[in-house]
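Here are my notes on the model you sent. Please read them with the structure open.

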Amino acid sequence: MRLLSTKATCNSHGQDSSYFLGWQEYEKNPYDEIHNPKGIIQMGLAENQLSFDLLESWLAKNPDVAGFKRDGKSIFRELALFQDYHGLPSFKKALVDFMAEIRGNKVTFDPDHIVLTAGATSANETLMFCLADQGEAFLLPTPYYPGFDRDLKWRTGAEIVPIQCTSSNNFQITETALKQAYEEARKRNLRVKGVLVTNPSNPLGTTMSRSELNLLVDFIKEKTDMHLISDEIYSGTVFSSPGFVSVMEILKERNDTDGIGNRVHVVYSLSKDLGLPGFRVGAIYSENDTVVAAATKMSSFGLVSSQTQYLLSAMLGDKKFTRNYIVENQKRLKRRQRMMVSGLQKAGISCLESNAGLFCWVDMRHLLHSNTFEAEMELWKKIVYQVGLNISPGSSCHCTEPGWFRVCFANMSEETLTLAMKRLKNFVVESTCTQRSALFNGTSKRKSLTKWVFRLSSRDHREQEER
Amino acid sequence: MDFSQQLLSKIATSDKHGENSPYFDGWKAYERNPFHPTKNPQGVIQMGLAENQLSFDLIEEWILSNPEASICTPEGVHQFRNVANFQDYHGLQEFRNGIANWMSKVRGGRVRFDPDRILMSGGATGANELIMFCLADPGDAFMIPTPFYPAFVRDLCWRTGVQLIPVHCHSSNNFKITREALEEAYKKAKEDNINVKGLIITNPSNPLGTTLDKDTLKSLVSFINEKNIHFVCDEIYAATVFSSSPSYVSVAEVIQEMEHCNRDLIHVIYSLSKDMGFPGFRVGIVYSFNDEVVSCGRKMSSFGLISSQTQHMLASMLSDEKFVTKFLSENSRRLEERHDKFMKGLEEVNITRFPSNAGIFCWMNLKSLLKEPTFEAELKLWRVIINEVKLNVSPGSSFDCSEPGWFRVCFANMDDETMDIALNRIRAFVGKETKKPVGLKRWQPNLRLSFSSRRFDESVMSPHSPIASPLVQAT
């Protein structure tokens, strides 16, 4: 008899993928300006470290919150005891107001329809448990966040069927691709329970267009048992036009005459917009009472610490602060993205034009020696080990075309980013020279690469090819 | 209804979360009419909530003296960004060290815990579900002695698809978990083609409030070892053992003396919700002696990590030796004192309880007040207690107890004055009941009144929170 569960012994957690291996390499040899200037620079982690000072200065001005006090009175006891899965009302109110503000107050959210969870990781898994039985599927446009394989499939037993998007139209979702994905699921005998999108997109860094959103809403409108989940975790990181359009705005515009409001659900978190991934603050928003009821009960398995709810209820309840924060944060992200884009340009590398997110979707197809995922892996390893940058290969995001990489820009100082761009430029220059001389000498390009260490296991290697 | 069942998953639309049971009447009655000493002195007193509210002052004192433990104070804010950014599922090293230190102290220093085996989860609720996902497939079963914490049905079974096989224990031998009962339950499961993956116990016990003696614990370890099944010990009440009681023996201690035990089968569940009174901070811990479980469980902990703000605060608190020693001894002393006071009050009306040496509740026997020895009569009595006596207590049937008439009542979630009022009400009620000519046979000196279902003190409805908590009212 097998000692552990199937879930424990399989690898559906997805953590053998290159996405996570890159992290491991970084952890073994992390860059530090002083102590390890030749180390690997972490550019595979979508963190927002640009605006902590704003949070810190708010804390300095609000000492009561720090001391578990409200109006001078200690509320430690009440907070320590507060485990109600309905969540702290003042926090939920502050959170929905913040979400509305991010959307330019074009939509509002009802605090009674918010379910708090331990991060978006938990929110997404919980929604799957609520909407899909084991073996049922959700359609996801590629490329998508590698963690979805774990969050949506691992313990739930749900399946993901990709909606293949390509660079030919900047990876936008087309009706053809959507229908093809649906057919693919049917061929595999999978019942499709809905579509899940990340908007703004990870890893593309772009906001979804109105036409894409309407396309999706039309799609689920037809099929009466399908849902649309919009993971809007990056909604506060939109720094230039076109602005952010939430699916909730689309529903409002359509007056929800289709009556699909109870099949559309939004996921949110403070991990990216506020840069607080450690606090584990996620949320599910749904107009569907049954979903809210079920998800609320499930949130028992991952509630938000009351101490954290309290801190954030005060912070997000300070409207002057949130207004300023949203604007300033976006300004800084824009500036940082510009820095990266121009640094990449200097290296002869372009990227998808983006207006959001904490990363760029970088086009390195011209650096591949062949249009294959194998070549992408070779290039990736060189970049990790030789150039010393941990970036995420497109294959780990299930991209259909080799040569794309996600590179983060908001989790380091400007100096580090400058250094990273410099390293990349040097690498490109060297590679070009190497290639030229190899061609000149009649040497096969492949031979010049054999000295690189291939770290992926053979299983993972096969997985890369299957994508 | 049918459409909804197609639209959502089976899990979402089933009843397996266990929250639709009739026992919610007690909670609803409390929520509709919560006791307040001045604003609502005739309201229902909450005795169904296993909370430890006796030692907050000690913690508040520590917090005031250690401002650097908070990332929000001027003394601590320099760590804000690093802590706020930290989402590593290994958890803060200092936090794990603190937890390992605390857990060891709770066990009198007789066991050392390895910080690298400590996994985080969303409270013990999350921890219990997580360990099931690691050890069992849907359809597999875990054996569980009765009476047991009602919300285990949700925590262990709801989303995991695991089933529970009750191993019935009886008052005739003090609810002891016998080898015979285990063997019988195991054998029957095998005959029914059920794949038994393990045994789960709560020690100290909820709702009994007792600790297992070393021999019994050893016999359980032998049993699971022999059958090559897992042993999950929920030790959430470990630090609630009374000062005057013999020391608490954890499974971690016992296996140190059992060389032949396969440690890959041993797992401990823990939390700070009861010992420290912090249910709001969601500190759940899975500690496994099995490397594979640690590795897989750590990845799964992504679904319920502890807020880094909370980890950081507790890291220094739990590593403060002086504080830990003082807290543990004072907390046990206060719990025992409260327990004794409550017992004395009950004995004055000849109500007795199962002798306990731990926990924050009593397991009481009201058999003599039942009209007949049935669960229907138990429920009837329970409704009378809620609606007329105005105490929310938990009937034994909600704990899957094999005999009617037992009730769990919590005593550590209120102040002294409220407890006095509760006792008065009980005295008045029993006095009234015992004067009735029918339904009462003879005095049973060991009557127990046990009024609480931990199912309800969980986040299921958290009755103290939505209505009575000032955090709710202030908004």
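This is a predicted model: local features need pLDDT of at least 70, side-chain atom pairs count only at pLDDT 80 or more; totals for chains, interfaces and linings use all residues.

The points below cover the interface, the cavities and some backbone details.

1. Local features are reported only at pLDDT of at least 70, and side-chain atom pairs only at pLDDT 80 or more. Totals for chains, interfaces and linings use all residues.

2. Extent of the interface. The size of an interface is often given as the accessible area lost when the parts come together. Here chain A and chain B bury about 7,500 Å² between them. Carbon and sulfur atoms give 60% of that area. In residues, 79 of chain A are in contact with 88 of chain B.

3. Leading residues on chain A. Which three residues supply more of the area that chain A buries against chain B than any other three? They are A:Leu81, A:Gln83 and A:Phe301, and they supply 11%.

4. The rule finds 2 salt bridges between chain A and chain B. A:Glu56 forms a salt bridge with B:Arg81. The closest N and O atoms of that pair are 3.0 Å apart.

5. Elements on the chain A side. Several helices of chain A each supply at least two residues of the side that touches chain B, including helix 3 (52-61), helix 5 (76-81), helix 6 (89-102) and helix 12 (289-298). Helix 7 of chain A gives the largest share, 7 residues. By class, the residues on this side divide into 34 nonpolar, 25 polar and 20 charged.

6. Rolling a probe the size of a water molecule over the atoms shows where empty space is left. The structure holds 8 cavities of 30 Å³ or more.

7. Largest cavity. It is lined by 18 residues. Closest to its centre are A:Arg155, A:Phe301, B:Glu129, B:Phe303 and B:Gly304. A:Phe301 is also one of the three residues named in point 3. Helix 7 (119-131) of chain A gives two or more residues to the lining, as do strand 2 (118-122) and helix 7 (123-135) of chain B. The lining has 5 nonpolar, 9 polar and 4 charged residues.

8. Second largest cavity. How many charged residues are in its lining? There are none: the lining divides into 9 nonpolar and 3 polar residues. Residues from both chains take part, among them A:Phe68, A:Tyr310, B:Ile71 and B:Met313. Helix 4 (63-66) and helix 13 (306-317) of chain A each give two or more residues, and so does helix 13 (308-319) of chain B. Helix 13 of chain A gives the most, with 3 residues.

9. Cis peptide bonds. Please look at two prolines. In chain A, the bond from A:Ser241 to A:Pro242 is cis, with omega near -5 degrees. A:Pro242 is in the loop between strand 8 (227-231) and helix 11 (247-253) of chain A. In chain B, the bond from B:Asn206 to B:Pro207 is cis, with omega near 15 degrees. B:Pro207 is in the loop between strand 5 (196-202) and helix 10 (214-227) of chain B.

10. A positive phi. A:Arg280 has phi near 55 degrees, a positive value in a residue other than glycine. A:Arg280 lies in the loop between strand 9 (264-269) and strand 10 (282-286) of chain A.

Note on methods
Residues are numbered from 1 along each chain as its sequence is written. Chains are lettered from A and ligands numbered from 1 in the order in which they are written. Side-chain values use heavy atoms; hydrogens and water are left out. On a 1 Å grid over the protein atoms alone, a cavity is a set of points where a 1.4 Å probe fits but cannot get out, and a pocket is an open set with protein on both sides within 12 Å along at least five of seven lines; lining residues have an atom within 4 Å of a point. Grid points are joined across faces, edges and corners, and a volume is the space filled by probe spheres set on the points. Helices (H or I, at least four residues) and strands (E, at least two) are DSSP runs, numbered from the N terminus. Ala, Val, Leu, Ile, Met, Phe, Trp, Tyr, Cys and Pro count as nonpolar, Asp, Glu, Lys and Arg as charged, and the others, Gly among them, as polar. Contact means heavy atoms within 4.5 Å. Buried area is the accessible area (1.4 Å probe) that two parts lose on being put together, summed over both. A salt bridge is a side-chain nitrogen of Lys or Arg within 4 Å of a carboxyl oxygen of Asp or Glu.
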